[in-house]
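Please keep the model open while reading.

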Amino acid sequence: MLLSALAGVTRLHAALLAAATIVVLFAAMTRAEAATITSIVVDGGQIRVTFDDSVTTARTLVLDGPRRIALDVQGATPGKAGRAGGPVDRIRQGLYRPDTARIVFDLARPVIVSDLSFSDGGRQLTLSIDRVDDKRFARAVGAAPKRYAGTGAARTLTAARSSGSVTVPLGPVRRLPGLPRVLGPAGRPLVVIDAGHGGHDPGSLGAGGKREKDATLAIATAIRDELVRSGRVRVALTRDTDRFLILEERYGIARRLKADLFISIHADSAPRAEAHGATVYTLSEVASDREAARLAQRENRSDIINGINLAGENSDVSSILLDLTQRETMNVSSDFARLLHREAGGFVPFRTDYHRFAGFVVLKAPDVPSVLFETGFMSNADDIDFLFSRAGRKRIATGVARAVQIQFARRIAGQ
């Protein structure tokens, strides 16, 4: 009986090993054979997407807040940037799943996809788009995704001399990023500084091709260096290179490090060039004004650039928002926002209405006081000069460091 049991275990082990081998081979083949996007062109009422290999399956869905159309192409990977025009204000792309590319078309006006066709042996997709009114667009937002299948050559995986098959669902891989280096004396309070945007997400763009992601990284590094020099706190950056992190990963780093304070650095943008000055945002499920709501909407959609929409993945955070711990955290965050304005006001020009509230995903750590610091406007020439100058970054860093030190001195005094 013992030998029989051991034989059964051996057979099970062999079966599991074979299944794992097939999964690995399948994943490797999927990556090796994925078609790459070679061009995206908007031409009147059509959008043409071409690939360097055939694709056979796609789907479209209409999204709102902001208005956009998402195109998911199975068996494809992101490639060359697209050229927007007409009803399409901006084109972004990323991986929705390991084997699926997502292309997002930000819309200048409401349109829907009336048809999608495959041509050139599955190497090109043509989307026909029709202009619609707001009511019809709203109905399209609530509708199920439209799925399309072409007739190109399908990619298959065949197990030679196999009497059966193994089907294993492969979901999207979501690996936690490695924790960053922490600088400063052991035992001191920990501040995590988050440089907004990065990688394929440039953030807001300014005159001369200047990018928000470059300003935020330089400012975050300056703040880190100033805080480390003080010797009173420990500091970590969510990113110290030009790389992309989804919003959940950013505040997740602060939580995993058990941070005492989280500061996300950004630079705003506005249609009016005269808008200028810094603003501090803290979390609220109800935005303080329309401008705050629009900014949160723009920042929160950063995840969709990489094909990841967190809107449906934060039910745990939403429920935590009702918890007393979250409410206390929000109160501490607001206190720090006022302190930041008081201490940094002599170094950084602030807007008159400097403290605003909105539902920023990056601020939703339930147990880490968090603020989003818009250090100026990429759409204002004077602010750009300030943000991209060494002297400007030094002033920002000095002001933030003063506020941080007083924040923790108050906490220690109250213990």
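Predicted model: local features only at pLDDT ≥ 70, side-chain atom pairs only at ≥ 80, totals over all residues.

E2 and strand E9 (residues 124-131) run antiparallel, joined by 5 bridges. Arginine 48 stands opposite threonine 126 in E9.

**The sheet around E2**

- E2 covers residues 46-51 and also pairs with strand E1 (residues 35-43).
- The E1 and E2 strands run antiparallel and are joined by 6 bridges.
- Valine 41 has arginine 48 in E2 as its bridge partner. Arginine 48 also stands opposite threonine 126 in E9.
- The hairpin of E1 and E2 has 2 residues between the strands. Glycine 44 in this hairpin takes a positive phi near 65°.
- The sheet is open and has 5 strands, in the order E5-E1-E2-E9-E8. Its pairing is mixed.
- Strand E5 (76-77) and strand E8 (111-119) are the edge strands. Each of these two pairs on one side only.
- In a regular strand, side chains alternate between the two faces of the sheet.

**Strand E4 and its partners**

- How many residues of strand E4 (residues 68-74) are buried? The count is 6 of the 7, so E4 is largely enclosed by the rest of the structure.
- Strand E3 (residues 57-63) runs antiparallel to E4, with 7 bridges between them.
- Arginine 59 has aspartate 72 in E4 as its bridge partner.
- The hairpin of E3 and E4 has 4 residues between the strands. Glycine 65 there takes a positive phi near 70°.
- E4 also pairs antiparallel with strand E7 (residues 100-107), through 7 bridges.
- Leucine 71 is bridged to isoleucine 103 in E7.

**The six-strand sheet**

- Another open sheet holds 6 strands, in the order E12-E11-E13-E16-E14-E15. Its pairing is mixed.
- Strand E12 (234-237) and strand E15 (350-358) stand at the edges. Each has a single partner strand, so one side of each is left without a neighbour in the sheet.
- Neighbouring strands of this sheet are turned by 20° against each other on average, direction ignored.
- Strand E11 (residues 190-195) and strand E13 (residues 261-268) run parallel, with 5 bridges joining them.
- Alanine 195 has isoleucine 265 in E13 as its bridge partner.
- Helix H3 (residues 212-230) packs on the sheet. H3 touches E11, E12, E13 and strand E16 (370-377).
- The direction of H3 makes about 145° with that of E13.

- Histidine 197 has a positive phi of about 65°, although it is not a glycine.
- Where does histidine 197 lie? Histidine 197 sits in the loop between E11 and H3.
- Is histidine 197 buried or exposed? Its relative accessible area is 7%. The cut-off for buried is under 20%, so histidine 197 counts as buried.
- Lysine 258 has a positive phi of about 60° and is likewise not a glycine.
- Lysine 258 is found in the loop between helix H4 (247-256) and E13.
- Lysine 258 counts as exposed, at 65% relative accessibility.

Definitions and conventions
Residues numbered from 1 in each chain as written. Heavy atoms only, no water. Pairing = 2+ DSSP bridges. Axes fitted to C-alpha atoms, helices over the stretch in contact; angles between N-to-C directions. Contact = heavy atoms within 4.5 Å. Buried < 20%, exposed > 50% of the residue type's maximum accessible area, 1.4 Å probe, protein only.
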